[in-house]
Amino acid sequence: MGLKAGIVGLPNVGKSTLFSALTLNEAESANYAFTTIEPNVAIVNLKDERLEKLAKIVNAKKIVPATFQFVDIAGLVEGASKGEGLGNKFLANIREVDAIVHVIRCFENSDIMHVKNKIDPIADLNVINLELILADLQTIENVINRIGKKAQNTNDKELKFEYTTVLKIRETLQNEKMIKNLDLSEEEKNVIKSYQLLTAKPTIYVANLDTQSFKNLAEAEHYLKLKNHLESLNEIIIPICIRIEYEVSQFDDEEKIMFLSEYNIKESGINTIIKESFKLLNQSTYFTAGEIEARAWVFTNSMNAAECAGIIHTDFEKKFVKAEVIKYEDYILYNGEKGAREAGKMNLEGKNYLMQDGDVCYFKVAK
């Protein structure tokens, strides 16, 4: 479905190294600001053990996991909303993503320069968020200038509602608050959707720590301050050591398990970021499984069976007849479709059935 997350942050916080770890590809990286000018883009697989287990049962020749697109966006500096640094390019690139992965530096290292020559995660966080707020204010002011006079002198209810909504948005931004934290009705969300507001995008905050701090989070001063601040705002924060993640990304699966166990890490931070990105965007996966391939398909929660069939091919939605659905747990328990069917665990569902995460499906369509 082409989901895309943008990796953002101040220069030299670890964005490009994180990108390299995410994709197993070397993104350009150096110890100076604006190394990343053109955004690097890569498609990342969502590691899902369920798909691998399904593939073993059906003896699939091919496994096709769900994917997620990550974009490494140029480092932002103060004044970006006014064109400072690579501000205009940064803001244009970030408008195109569905979610933001905001990397914040939580480590001291005199060999890696900081644009402010001081490690202060909350201040760094505020620099970027304020630039996004200022950019959104410019967008909203343009909308107000375009529709304001007409909205105040018309009986057009839709236009008046749009005007009332943008005034509400402007007040929020002027108070230096993000739109994603504003309680909006579905109607208001639909009104502002076309504005592509930066502060409306769902965000995951990634705290990049050095090895020692990561080993002992309870005493990681910079991280704890940032964590307390973000949790008070009900934001998601993921602590990782990007250096470790980069090293791990170059190992095979068996080596990864051994390496992570040395640091008492149950799951790679990379996998956590990918999974949280899916959750943040309200996405789930259903499966199809056969000898030719076992495949994960990404869908938006609340999509019905016909809409999910249309993800495979648009004609499938139009010609949908029914779906044979087996819950993943039942598929595994009864060792595949035949066993699940005999145990009465295969359900025939109509087009209005709401697809659930982990459903194993076979769609029947009209010829």
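Which residue just after α2 takes a positive phi? In this predicted model, the residue is N59, with a phi of about 55°.

## Basis of the description

Residues are numbered from 1 along each chain as its sequence is written, and side-chain values use heavy atoms, with hydrogens and water left out. Because the model is predicted, local features need pLDDT of at least 70 and side-chain atom pairs count only at pLDDT 80 or more, while totals for chains, interfaces and linings use all residues.

## Overall content

The protein has 15 helices and 12 strands; helices (H or I, at least four residues) and strands (E, at least two) are DSSP runs numbered from the N terminus. Buried residues make up 48% of its 367 residues, where buried means under 20% relative accessible area, exposed over 50% and partly exposed in between, with a 1.4 Å probe and protein chains only. Of the contacts between residues at least 6 apart in sequence, 69% join residues at least 24 apart; a contact means heavy atoms within 4.5 Å.

## The six-stranded sheet

Six strands form an open sheet of mixed pairing, in the order β2-β4-β1-β5-β6-β7. Its edge strands, β2 (40-45) and β7 (236-240), each pair on one side only, and the twist averages 25° from one strand to the next. Two strands are taken to pair if DSSP finds at least two bridges between them. Strands of a sheet pair through backbone hydrogen bonds, either parallel or antiparallel.

β5 is mostly covered, with seven of its seven residues buried. A99, V101, V103 and R105 point one way from this strand, whereas I100, H102 and I104 point the other way. In a regular strand the side chains alternate between the two faces of the sheet. β5 pairs in the parallel sense with β1 over four bridges and, also in the parallel sense, with β6 over six bridges. I100 in β5 is the bridge partner of G6, and N208 in β6 is the bridge partner of R105. Strand β6 (residues 203-208) in turn pairs with β7 in the parallel sense over five bridges, where N208 has I240 as its bridge partner.

## Helices across the sheet

Helix α1 (residues 15-23) lies across β1 (4-8), β2, β4 (67-72), β5 (99-105) and β7, and runs at about 40° to β2. Helix α11 (residues 269-280) lies across β2, β4, β5, β6 and β7, running at about 170° to β7. For these angles, axes are lines fitted to C-alpha atoms, for helices over the stretch in contact, and values run from 0 to 180 degrees between N-to-C directions.

## Helix α2 and the residue after it

In helix α2 (residues 49-58), the buried residues include L51, L54, A55 and V58. They cover an arc of only 100° around the axis, which puts them on the same side of α2; the arc is that of the directions from the helix axis to the C-beta atoms. An α-helix has 3.6 residues a turn, so residues three or four places apart point the same way. The face turned away from the buried side of α2 carries the exposed residues E49 and K56. Among the elements covering the buried residues of α2 are β3 (63-64), β8 (283-289), β9 (294-300), α14 (328-333) and β12 (360-365).

N59 lies in the loop between α2 and β3, and it has a positive phi although it is not a glycine. At 61% relative accessibility, N59 counts as exposed. Q196 also has a positive phi of about 55° without being a glycine. This residue lies in the loop between α6 (186-192) and β6, and at 40% relative accessibility Q196 counts as partly exposed.

## Helix α4

Helix α4 (residues 121-152) has 32 residues, which at 1.5 Å a residue should span 46 Å; its end C-alpha atoms are 44 Å apart, which agrees. The expected span is 1.5 Å times one less than the number of residues. α4 has a kink of about 40° centred on R146, the bend at a residue being the angle between axes fitted to the seven residues ending there and the seven starting there.

N129 lies in α4 and, at 11% relative accessibility, counts as buried. Not counting residues up to four places away in sequence, N129 touches H102, M178 and Y205.

## The β8-β9 hairpin

β8 and β9 form a hairpin with four residues between them, and they pair in the antiparallel sense over seven bridges. In β9, W297 is the bridge partner of Y286. Six of the seven residues of β8 are buried, so this strand is largely enclosed by the rest of the structure.
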